[in-house]
Amino acid sequence: MHKRCPQQLVLKFEHCIRRHGSVRAQFTAAISQQPRPDPFKFLAPQLAELRTSLVSMLGSGHPAISEITKYYFMHPSKQVRPVIVLLLAQATNGLGGDWNKKLWESECVNAGGRAEELNRPLSRPDVLNDWNPSMPIDTASFDPSFALHPAKPHRPPKPPPTYANASSSPVLANTVLPTQMRLAQIVEMMHTASLLHDDVIDESALRRGAASAPASYGNKLSVLGGNFVLGRASAALSRLGDSEVTELIASVLSNLVEGEILQLREIKMDDDDKAAASGKQDDDLVEDVLEKSRMSIGGQTSRDAWNIYLQKTYLKTASLMAKGARSAVVLGGCKEGEVWKEIAYAYGRNLGIAFQLVDDVLDYESASSTLGKPGGADLQLGLATGPALYAWEEFPEIGDLIQRKFDRPGDVELARDYVLRSSGVQRTRALAQAYANKAKEVLQELPNSEAKAGLEVLTERVIGRKS
């Protein structure tokens, strides 16, 4: 029998380690390079259906209203908000304690099923007096006479489900319910209504690379168009039949208004900030993005300014994403006390803040043609966003400009120069990345699925976008 010497055995052992280590590395690399779903391509059929039926919901007996309410929907949009709703629906449907009940409701044959009922009015059409030529059966215009005939029940009585969840181990259903599809439309409608109003407030000439609604139709019609879209969204919301979802989405309207008012608030330095400005300061900014209200502010940057900025960012942008995400999971049967609702809200909240931070970075980095709206608009509006607040730490001189909202001749150009010479843009992007990372982190409790992978990819898309 041939015997190898110890040295030969050692060499063979090392060769095996190198060989298997190399194989393992190659296997790991191959796994990491597996294509992940593009969330927008993954949801392309649903998004196409969403847009088509959404436009039909906005029809009006008045041609001018129909035209302006559909104006922004006819231009390409990111559709990030409906994508969040639809991905979270697929990533959690089947996990909630009331999933079977929600599924049963969506499949019931009464009145043609849940999808058809979502378009049916809860009140008599002639009571609503909301004429939509695209939905002639379920809407009516004003009639000089009114008949006192008894109202028919909106839905035939339905027996309650007599079963609980079929399995003690929840399994993903990989589907989207009609109510969740309608929720995605409602969220997009509310976002578009806010754009119509924002463009009036901000006097914006561009939106998505084209003339804004106020530039094309005037301020009055833009405000009325936004109100009309909110009215249609509210009616659609009531027909979802879920009180918690109604509360969540209705509260977004309050948040949007509060955020707009907060944006008008003056930024003032308190006595502690002024005292700190006269001496040396540690530039040791606390990096824990989960405790923004406790963030240590160096230089002359006011703690109050950061608190206002981050609160406004949540109210104006992240609130709709967070509450839309949570509502999607509620409509999928998640009950109180189950973690899926909290995951959805935390994901939407963190992603929404990251989204707005990137927007604020792009206002300094992008030209108008790339951004789809005027570049440098924030400074023109007197707004000190993340890049300017970070620049304040490095250039105390910008403090006076921020406090007077860049309202003197040359203030905007001077402030922009300070920001671009500072690390403000880079630090704001890093902060956005931290929020995006946290959004991805909270998804880890969800079971693996294509929808979950799509949510992870979406966080990267938000950070990497150029418009």
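The questions below go from the whole chain to single residues.

Reply: This is a predicted model, in which local features need pLDDT of at least 70, side-chain atom pairs count only at pLDDT 80 or more, and totals for chains, interfaces and linings use all residues. Residues are numbered from 1 along each chain as its sequence is written, and side-chain values use heavy atoms, with hydrogens and water left out.

Me: How many helices and strands does the chain have?
Reply: Helices here are DSSP runs of H or I with at least four residues, strands are runs of E with at least two, and both are numbered from the N terminus. By that count the chain has 22 helices and 2 strands.

Me: What share of the residues in the chain is buried?
Reply: Buried means under 20% relative accessible area, exposed means over 50%, and partly exposed lies in between, with a 1.4 Å probe and protein chains only. The chain has 467 residues, and the buried share is 48%.

Me: At what angle do α5 and α15 pack?
Reply: Helix α5 covers residues 80-92 and helix α15 covers residues 339-365. Axes are lines fitted to C-alpha atoms, for helices over the stretch in contact, and angles run from 0 to 180 degrees between N-to-C directions. The two axes lie 12 Å apart, and the angle is about 155°.

Me: Are α5 and α15 roughly parallel or roughly antiparallel?
Reply: Angles under 35 degrees count as roughly parallel, over 145 as roughly antiparallel, 65 to 115 as roughly perpendicular, and the rest as oblique. With an angle of about 155°, α5 and α15 are therefore roughly antiparallel.

Me: Which residues of α5 and α15 make the contact?
Reply: Contact means heavy atoms within 4.5 Å. From α15 come A344, Y347, L351 and F355. From α5 come V80, R81, I84 and L88.

Me: Which residues have the most contacts inside the largest nonpolar core?
Reply: A nonpolar core is a set of buried Ala, Val, Leu, Ile, Met, Phe, Trp, Tyr and Cys residues joined through side-chain atoms within 4.5 Å. The largest one has 62 residues. Helix α5 gives the most to this core, with 9 residues. Those with the most contacts inside the core are I84, L183 and Y347.

Me: Which residues does L183 touch?
Reply: Residues up to four places away in sequence are not counted. The others that L183 touches are V85, L240, V245, I249, G324, S327, A328 and L331.

Me: What covers the buried residues of α4?
Reply: Helix α4 spans residues 63-71, and its buried residues are I65, S66, I68, T69 and Y71. Their cover includes α9, β2, α10 and α11.

Me: Is A236 buried or exposed?
Reply: A236 is found in helix α11. Leaving aside neighbours within four places in sequence, A236 is in contact with M57, R182 and I186. Its relative accessible area is 5%, so A236 is buried.

Me: What is the phi of N129?
Reply: Most residues other than glycine have a negative phi. N129 lies in the loop between α8 and α9 and is partly exposed, at 35% relative accessible area. N129 is not a glycine, yet its phi is positive, at about 50°.

Me: What is the relative accessibility of N174?
Reply: N174 also lies in the loop between α8 and α9. Its phi is positive, near 50°. N174 counts as exposed, with a relative accessibility of 52%.
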